[in-house]
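Notebook open, viewer open. I'm jotting down what I look up as I go.

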Amino acid sequence: MITILTALLTIAIFLPNLSQAGRPTPEEGVKYFNLKREVPNAPNIAKVFALSCPACAKINRLTGDIETLAGIKIYKIHAVFNESTKNDAKFYYTAVTQTGNQPSEKFMEAAFALYHSEILSEASQVDIESKYTILKNAKLNNYKDLTAAQKTDVNIQLLQAERFTQEANVYSIPSFIVKGKYLINLKAHTSVEDLAITIKYLNEMI
């Protein structure tokens, strides 16, 4: 996956709009797969990621370009596989609930960097104080200092993220899921433009 993402970073083509004219139609079973069961109430385009995932840190830098090329807003969902990723998701959604569902790129870069620092490679998990520092630098409160309403919002988003991870049968990340029906095969895409074309095509399918 890292090789594919490196290629996406290198071959990215920035265009104002994408046209399917003259291009081969993304093929089922190659560019994308049908999920066994449709995820109810799913966003049009979901990117499932985790702060602890190295490949997710790479794709995070490309998400804005994919959105621009495809002309589509991508909804970010933090994967919840176990207690560790649940704690990471809680940290992420603590920022989300205070930023109108739009943590800044600076915050996301700092959060990913925290999880992939050389110091962390010698430890089992990110310490709470480091997370607090990232939030404080972004002028955000940590979870314990949120209002009751904000805490409720964080907990709801945690439950929704865990449910989506299970219902979409997400087993590897990053994953792009369209309309709760289609799983993008990232390995079959060689550029940001290529990926954006498949996302746009699937989003426009009836």
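Where is N101 found? I find N101 in the loop between helix 4 and helix 5. For the record, helices (H or I, at least four residues) and strands (E, at least two) are DSSP runs, numbered from the N terminus.

Ground rules next. I'm looking at a predicted model, where local features need pLDDT of at least 70, side-chain atom pairs count only at pLDDT 80 or more, and totals for chains, interfaces and linings use all residues. Residues are numbered from 1 along each chain as its sequence is written, and side-chain values use heavy atoms, with hydrogens and water left out.

**Overview**

I get 8 helices and 5 strands in the protein chain. Read from the N terminus, the order is α-β-β-α-α-β-α-α-α-α-β-β-α. Of the 206 residues in the protein chain, 45% are buried; buried means under 20% relative accessible area, exposed over 50%, and partly exposed in between, with a 1.4 Å probe and protein chains only. I also checked contacts (heavy atoms within 4.5 Å). Taking those in the protein chain between residues at least 6 apart in sequence, 76% join residues at least 24 apart.

**Helix 4 and helix 5**

How do I describe two packed helices? By the angle between their axes and the distance between the axes. Here helix 4 covers residues 83–96 and helix 5 covers residues 105–115. They pack at about 160°, and their axes are 12 Å apart. My axes are lines fitted to C-alpha atoms, for helices over the stretch in contact, and the angles run from 0 to 180 degrees between N-to-C directions. Helix 4 and helix 5 are therefore roughly antiparallel to each other; the classes are under 35 degrees for roughly parallel, over 145 for roughly antiparallel, 65 to 115 for roughly perpendicular, and oblique for the rest.

Which residues meet? From helix 4 I list D88, F91, Y92 and A95, and from helix 5 F107, M108, A111 and Y115. By class, this contact has 7 nonpolar, no polar and 1 charged residues. Nonpolar here is Ala, Val, Leu, Ile, Met, Phe, Trp, Tyr, Cys and Pro, charged is Asp, Glu, Lys and Arg, and polar is the others, Gly among them.

**The loop between them**

Back to N101: phi is positive, about 65°, although N101 is not a glycine. N101 is partly exposed, with a relative accessible area of 47%.

T97 sits in the loop between helix 4 and helix 5 too, but T97 is buried at 16%. I see a polar contact from the T97 side chain to the side chain of D153, at 2.4 Å. That term takes a pair of N or O atoms within 3.5 Å; within protein, one must be able to donate a hydrogen and the other to accept it, and residues adjacent in sequence count only if both atoms are side-chain atoms. Leaving out residues up to four places away in sequence, T97 touches L146, Q150, D153, V154 and Q157.

**Helix 7 to strand 4**

Most residues other than glycine have a negative phi, and most peptide bonds are trans. In the loop between helix 7 and strand 4 I looked up N169, where phi is positive, near 55°. P174 is placed in the loop between helix 7 (148–167) and strand 4, and the I173 to P174 peptide bond is cis, with omega near 0°.

Is S175 buried or exposed? At 7% relative accessibility, S175 counts as buried. S175 is in strand 4 (residues 175–178), and its side chain reaches the backbone oxygen of S172 at 2.5 Å. Not counting residues up to four places away in sequence, S175 touches A46, K47, V48, V170 and L183.
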